[in-house]
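The entries follow in the order in which I looked things up.

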Amino acid sequence: MAPTRRRRLLCFLGILLNALIGVMCEAELSFTLEPSDIIAVQEQPLMLHCQVDGIPPITTQWRRNGLFLTQDQHHTTFINGSLLIAHFQKTKSDGSSDEGDYECIAQNSFGLVVSRKARIQAATMADFHVQPESVHAEESGVARFQCQIHGLPEPVISWEKDSRPVDTSNERYTLLPTGVLQITGVREEDSGRFCCVAHNSAGVKHSAEALLTVSGSQSSVYKEPVIVVGPENLTLTVHQTAILECVATGYPRPIVSWSRLDGRPIGVEGIQVLGTGNLMISDVGVEHSGVYVCAANKPGTRVRRTAQGRLVVQAPAEFVQPPQSIARPVGTTAIFTCQARGEPEPQLTWLKNGQILEPGGHVKLRNNNSTLTIYGISQNDEAIYQCIAENSAGSTQASARLTVLWADGLPGVPTHVEAEALSPSTIQVSWREPDKNTQDIIGYVLHIRRTSDPAEMEYEEAVSKVTLQQIIRDLEPSTNYTFYVKAYTSHGASKPSDSVTESTHGEVPAPPSLYTKVVNGSVVQATWESSSKMGQPQGFRLYYRRAHTPLFTGPIAFPRNVTQYNITHLDSSLVYEIKLIAHNQHGDGNATIRFVSLREAVAKSVLDGPCDCVKDEQGKTSTTGIIIGIHIGITCIIFCVLFLVFSYRGRLMMCKTVQATPQAGNGAAVDSSSSSQGASGLNGAARREMEVNGSAARKKAVDSNELESLFMQPNTREMCMSDSYMLNNTQLSTIPLDEFAVERETQFRETPVAGAAQQDQG
């Protein structure tokens, strides 16, 4: 038996087995070869391949841009599904074109599948939109030529010098696939006429010629490094080759290096440096995307110049998890999962038998279309479902079949489904057995959802076959719920019963939050907030009473928008109990109770009485006056002490003068002068006056007899002696300085006075 027939037989047997055990083979119709993108040559034949595997009979058709192609002498479909276009034409006589997006469509008894889109384009060659320009280069410098041309497929660029192909074996010549010719270490023999040559399947074209002239070398002159041409931004597809150009000049010749802006290593695999600094990355992948930095460094220094370009690598969509064929009993839920990756992120589209599947009703798409859910499946849902993943880099598709299982002996539909609300959070659902095929029932499944929720929010509860009712708990108050029931046997489920809707009871409000504040000795302010839990209040009732008394005052009723009330005419010596109740159409909620003691609050208010600002200001004023008075008193005491100290010093000097009088003999004038000086020491101003005008001071002085009558009295002398003794014992730190000062003054004035005494004697 041929392998293909054997595989088909096994698949068919698998489907038969599927009807019994709910397991099916992988696919009854799938592509083994899909058409690919092609660039076709004008007036040449074109073959588009398509091969399908599945259970025959299989029919194959083609679509171009969504329209079916007719079989004629221009289009031929082979038995294996491939399409032949006899003479490909970009533009036909009737204005149509063979260019476009082609799809292969295959169909058998299980369904229909559509291949990926294959884009067919005509090979073309446009004119050069960038012509090479003449270059003047210094010897040992760098010369660069560039040309650009559009074409399909991408033209291959080569260069000619003086009508002969450029010697690519010369390492000084670098030809980049982007159409750039670089010549490093320019020499005189490089001079000539250069031409760009482009060729592809559409033909060959030559650019205009450009002249290269070489002048004498000026390499000995220092030049800063300069990047003449930096890398450009590139967008490529995986497995292509990236060329990042970098041409730098300067003297000494700069060193070119490459790095990534994000700091990641560039790597070594597939990396090659072309010429003196061009970076080539072969077989690029998504991981190569990033910003690349070209740096030109002056040798031996940190002087550098940089340029950067961004490389974007796109990856066509590919499946991480394609959908899998499944078999489900009628009335159950079918779920297909499709996950794809690519760069940029692929968009997912679902087809049902080749037609775009629009979500709605019992068909739901979730998670960015990666999950297809079909609720309550029926015979109409049996089909081949395809997941199409597509992005700017390409597309791909995967198919899976949904088989709806029908078996003899499936139970009938449960009847007389009823629902009754028992409380704000519970509903009881009851039903009766189906009218037929009840002997094989193994149980029931109750389907539950809030009426306002979508079908995918539905949940289920399994119920024993002997139980024809179920209490649904943990429901929300005042909420509508929808229910239906299915009966199950080992072969599958019945059709769903009629749906029934019931609302849970409303709920009384939760206890509100109550706050109290003593305003004064007879007023308490009550403030409250309703709770967001349970039922919403329609109003509030307030009660209050003296603690431990039987009767409340109230109720005082408030609408739901009032949240504050002042309770007045209270006794400041008592404790009060305050009670607040929230209510709605379903009844009263639990009460919130607070106790308030006015006695303690009044006592606290007395202790924490308000500030008397006038008294405070007066207190501040009196305190300031006291402080100022203290300062003045301390100042007076200091002046008094200083006065007493200076008085003691004056008396001490006078006593010294009296003691020196007997030793001076007839020097009464000296004593009187010294005494006068000692006396004048008590007054600094008088002493300064004597120093300025000595003669006037002497005239003002009294004679010796008057001084003796003033200072030489016994009592005074004894007092001075005793005072001197006392000061010598108690003022040791200051007396020596005063004694030295007095002695100096005495010696200073002693000579002239003594001389005067001698003249008197003479």
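Is Arg260 buried or exposed? I looked it up, and Arg260 is buried, with a relative accessible area of 7%. I use buried for under 20% relative accessible area, exposed for over 50% and partly exposed for what falls in between, with a 1.4 Å probe and protein chains only.

Ground rules. I am working from a predicted model, where local features need pLDDT of at least 70 and side-chain atom pairs count only at pLDDT 80 or more, while totals for chains, interfaces and linings use all residues. Residues are numbered from 1 along each chain as its sequence is written, and side-chain values use heavy atoms, with hydrogens and water left out.

Salt bridges. I took a salt bridge as a side-chain nitrogen of Lys or Arg within 4 Å of a carboxyl oxygen of Asp or Glu. That rule gives a count of 17 salt bridges. Arg260 has one with Asp262, where the closest N and O atoms are 3.0 Å apart. Asp262 is partly exposed, at 46% relative accessible area.

I then checked Arg172, which forms a salt bridge with Asp190 at 2.8 Å between the closest N and O atoms. Arg172 sits in the loop between β17 (164-165) and β18 (173-176), and Asp190 in the loop between β19 (180-184) and β20 (192-200), so the pair ties together parts 18 residues apart in sequence. Arg172 counts as buried at 10% relative accessibility, and Asp190 is buried at 2%.

The next pair was Glu577 and Arg545, with the closest N and O atoms 2.9 Å apart. Glu577 is in strand β53 (residues 575-584) and Arg545 in strand β50 (residues 539-546), so I noted a link between distant parts of the chain, 32 residues apart. Both Glu577 and Arg545 are buried. I also found Arg450, Asp453 and Glu476 joined into one network by salt bridges that share partners.

Strands. Two strands pair in my notes if DSSP finds at least two bridges between them. I found an open sheet of 3 strands in the order β24-β28-β27, paired antiparallel. Strands β24 (242-244) and β27 (271-274) are at the edges with a single partner strand each, so one side of each has no neighbour in the sheet. Strands β27 and β28 (residues 278-281) pair over 4 bridges, and Ile271 stands opposite Ile281 in β28.

I looked at β15 (residues 148-152) for side-chain direction. Strand β12 (residues 124-130) runs antiparallel to β15 and is joined to it by 4 bridges; Met125 has Gly151 as its bridge partner.

Most residues other than glycine have a negative phi, and most peptide bonds are trans. I found a cis peptide bond between Leu152 and Pro153, with omega about -10°; Pro153 is in the loop between β15 and β16 (156-161). Another cis bond joins Glu343 and Pro344, with omega about 5°. Asn65 has a positive phi of about 55° and lies in the loop between β5 (59-64) and β6 (67-68). His239 has a phi near 80° and counts as exposed at 63% relative accessibility.

Aromatics. I paired rings of Phe, Tyr and Trp (its six-membered ring) if their centres lie within 6.5 Å; planes under 30 degrees apart count as stacked, over 60 as edge-to-face and the rest as tilted. The whole structure holds 9 aromatic pairs. Phe558 and Tyr565 make a tilted one, 5.3 Å centre to centre and 55° between the planes. Phe558 is buried at 11% relative accessible area, and Tyr565 is partly exposed at 29%. Ring pairs link Trp528, Phe540, Phe558 and Tyr565 into a cluster.

Contacts along the chain. Ile441 and Pro411 are 30 residues apart in sequence, and their C-alpha atoms are 6.9 Å apart. Ile441 is in the loop between β41 (426-432) and β42 (443-450) and counts as buried at 4% relative accessibility.

Notes:
Helices (H or I, at least four residues) and strands (E, at least two) are DSSP runs, numbered from the N terminus.
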